[in-house]
Amino acid sequence: MRKLQISDHIVLLAGVFFMVTPVVLAFLTSTHDAVTIYRTGLQYSIGDQGLSAYETVLTRAGGFTKEVNGMVMLKNSMILGFGFAIGKIVISMLAAYAIVYFRFPAASFCFWVIFCTLLLPLEVRILPSYEIVQQLGMVNTYSGLIVPLIASATGTFFFRQFFLSVPDELLEAARIDGAGPWKFFIDILVPISKTMIAAIFIIMFVYGWNQYLWPTLITTDEGFFTLVRGIKQILQVWVGAQIPDYDQAMALAILAMLPPVLVVIVFQSWFIKGLVESDK
Amino acid sequence: MWRACPGNRKARYVVRGEAMKKVQFNTPAIPYLLLFPQIAIVAVFFLWPAAEAVRSSFYLEDPFGFGSTFVGFDNFIDTVTSTNYARVARFTGVFTFLVTVLSLGAALLLAVKADKVLRGASSYKTLLMWVYAVAPPVAGLIGILLFDQHVGPIVKFVAMFGWHMQIGVDYYDTAFAMIIASVWKQIPVNFIFFLSGLQGISKSVQEAASIDCRSGFRRFWTVTFPLLAPTGFFLLIINITYALFDTFGIIDVVLKTEPGNNPVTLVYKVYLDGFRGNDLGGSSAQSVLLMLVVFILTIIQFRLIERRVHYT
C-alpha cells in the first residue's frame, strides 16, 4: 500500500513538473537581460535585472504611435474582462429570468433563437462578424470589442438551469406576499443566485481576458490593445530583430497571465463549481 | 431515504427542453423587455453574420471591390477539390486526434492519482489546474521560447539524441511544438472534470469493488472507468471543439503570424484566406463547412449531456 502511494506521488509530481516548469522558466528568464539570454539560453535562476523588464514593459511607450504601454494594455484587458463578464451576466440573467418565470407566446421561439448561438463559435463566422462591426462603426471601440463576444448563450443556459432548480414554493410565497416580477427578481432571485453569479463571473472574466482573435481584428488603434493582443505586436517586432527582447516577451507573457491565474487560484472552489456546472 | 438523490429533480428539468415552472408570471410586456438585450445582440452579432457567411459562400467577390457574382456551389467545389485544403484538413484531423487523446489520457491519469493520494491532494489539485487561466497565445509564446532555435532548452535537449529541431522551418517539428503547447493548455480542464467525476463516485461502490476485486488495475477498468464514461464522452466533444477552434491563438503565435509552408488548421485557413488572401467566397465556403462540423458536434454533445444527467 505504501509503495503504491509513492508511485502515485511520482506520477503527480511529474504532472506538476510538466504544468509548472514552462511558466517558472518564463519568469526566471524575464529577470535576465536579453543579451545574456541570447548567449546562454533560458535561465534557471533569478537574474541581476530583477523586475526591470516588467517596468520597461509597463511604462515604456511602444508600438508605432508611441501611445501604448503595458499600463494601457493592462487597463484595456481589465475593461474587456470586467465588461464582458458583467455584461454577459446581466444580459443572460434577465433573459433566463424571462424564459423560466414568465408565460408568454414567443417563449419557446426566443429560447431556440438563443440556443442557436451555441452552434457556431465566433471563429467560424469571424469574417462577416468583422464586416458588420465595421459597418456599424464599432471598430476601435470598447463596445465593438465586448458586445459581439456576448452573443453566445452559455450564460443564459447556465442561469436557466439554475433558476429551474429553485423551488417553486419561493415564487408562490412571494406572490402571496404581493411581490411583483421586479421585486421577486431583485429581492429574492438575485440574492439566492449569489454563488452562481460569482462562479460564472470567474469563468467569464478569464474567458474575456484571454480573447485573442477578436481583439486582434477589431482593435487596430494601439490605444485599445489588450495584453493578450500585445503578444502579436511583440512577435511582429521580433521577426526582424537582431537579438529579440526575450526578457520583455517573457515579462509580457507573465503579466498577461497573472490576473486570470490569480483569480482562478484564489476563488478556486467557485471557479470549479462554475466550470463543472455550466458544462461550458 | 427520499433525500438520497437531491440531484434528480434538477436533472429532470435539464433534460426536457420544454421544462417549465408550475407557477409563472403572466404579465404580457415584461418578458419581452427582459429578453430584448439578449435577442438584439444575438440578432445583430450572431444571426446576421451567420446568414452573411452562408450568403457569401455562394458568391464570387471581385477582389477590387466591383460587386460580386452568384456562382452557386462553385466555392464549395473549389474548396473541397483543392489539394491544399485536403492537406490542411488532414493535418487538422491528426492534430485534433492527438491533442484530444494526449490531453484526455494525461488528465485521466493525473485525476485518478490525485483522487487516490491522501497527502497534499489539494496542493496537487491547485498546481495542476491553474494553467486553465493561461490564454492560448500566451501558451504559444512560452512554447516558442522553449522550442526556440537559439535559447530553447527543449531544442538543446533533443539535440543530444540527434534530433535537430527547427520550429517554423520543419513542418513536423512545428506541428510537434503546436501539439505540445495545445495539450499543455488543455490538461487542466480535463483534469478538473475527471476529478469531479471521480469524486462523485460513491464511497460504497468503491468499497464494494475493492472487496470483490483486489487488482487495482482491473478495478479501475471494470468499475471506475465505466462510471466515468459519461464525463469522458462529454469531454471528448469539448476537446475536439477546443482543438478545432480555441487553438487559434497557439497556432498564430507558434507561426509568428507568418505561416509560410507550416502546418495550419482549418480555422486558421478560414482566417488566412479571408483576411490575408481576400478570398471572401472561398473563406465563407470553408466557414459553412466548419459550421456543419460544429452543428454535428453540438447535436452529439446535447445527446450526451442528456445521458450524462441520467447517470449522475
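Helix axes are lines fitted to C-alpha atoms over the stretch in contact, and the angle between two of them runs from 0 to 180 degrees between N-to-C directions. The legends below describe a predicted model.

View 1. The secondary structure of chain A consists of 15 helices and 0 strands.

Helix axes are lines fitted to C-alpha atoms over the stretch in contact, and the angle between two of them runs from 0 to 180 degrees between N-to-C directions. The legends below describe a predicted model.

**View 1. Chain A has a secondary structure of 15 helices and 0 strands.** Of the 280 residues in chain A, 48% are buried.

**View 2. Helix H4 (residues 70–101) of chain A crosses helix H7 (residues 142–150) of chain A.** The axes of these two helices come within 9 Å and cross at roughly 45 degrees. Because of this angle, H4(A) is oblique to H7(A). The crossing of H4(A) and H7(A) is right-handed.

**View 3. Residues of H4(A) meet residues of H7(A).** On the side of H4(A), the residues in contact are A:Ile79, A:Leu80, A:Gly83, A:Phe84, A:Gly87, A:Lys88 and A:Ile91. Their partners in H7(A) are A:Tyr142, A:Leu145, A:Ile146, A:Leu149 and A:Ile150. Sorted by class, this contact of H4(A) with H7(A) comprises 9 nonpolar, 2 polar and 1 charged residues.

**View 4. Chain B touches chain A.** Chain B contributes 82 residues to the contact, and chain A contributes 83 residues. Helix H2 (residues 30–56) of chain B gives the most to the side of chain B that touches chain A, namely 16 residues. By class, the residues on that side of chain B are 58 nonpolar, 15 polar and 9 charged.

**View 5. B:Ile142 lies in helix H6 (residues 136–146) of chain B.** Is B:Ile142 buried or exposed? A residue counts as buried if 20 or more other C-beta atoms lie within 10 Å of its own. B:Ile142 has 24 C-beta neighbours inside 10 Å and is therefore buried. Apart from its neighbours within four places in sequence, B:Ile142 is in contact with A:Pro22, A:Val23, A:Ala26 and A:Ala253. B:Ser210 stands 68 residues from B:Ile142 along the chain, and the C-alpha atoms of the two are separated by 43 Å.

Methods. Residues are numbered from 1 along each chain as its sequence is written. Chains are lettered from A and ligands numbered from 1 in the order in which they are written. This is a predicted model: local features need pLDDT of at least 70, side-chain atom pairs count only at pLDDT 80 or more; totals for chains, interfaces and linings use all residues. Two residues are in contact if their C-beta atoms, placed from the backbone, lie within 7 Å. Helices (H or I, at least four residues) and strands (E, at least two) are DSSP runs, numbered from the N terminus. Ala, Val, Leu, Ile, Met, Phe, Trp, Tyr, Cys and Pro count as nonpolar, Asp, Glu, Lys and Arg as charged, and the others, Gly among them, as polar. Angles under 35 degrees count as roughly parallel, over 145 as roughly antiparallel, 65 to 115 as roughly perpendicular and the rest as oblique. A crossing is left-handed if the near helix is turned anticlockwise from the far one by less than a right angle, and right-handed if clockwise. A residue is buried if 20 or more other C-beta atoms lie within 10 Å of its own, exposed if 12 or fewer, and partly exposed in between; C-beta atoms are placed from the backbone.
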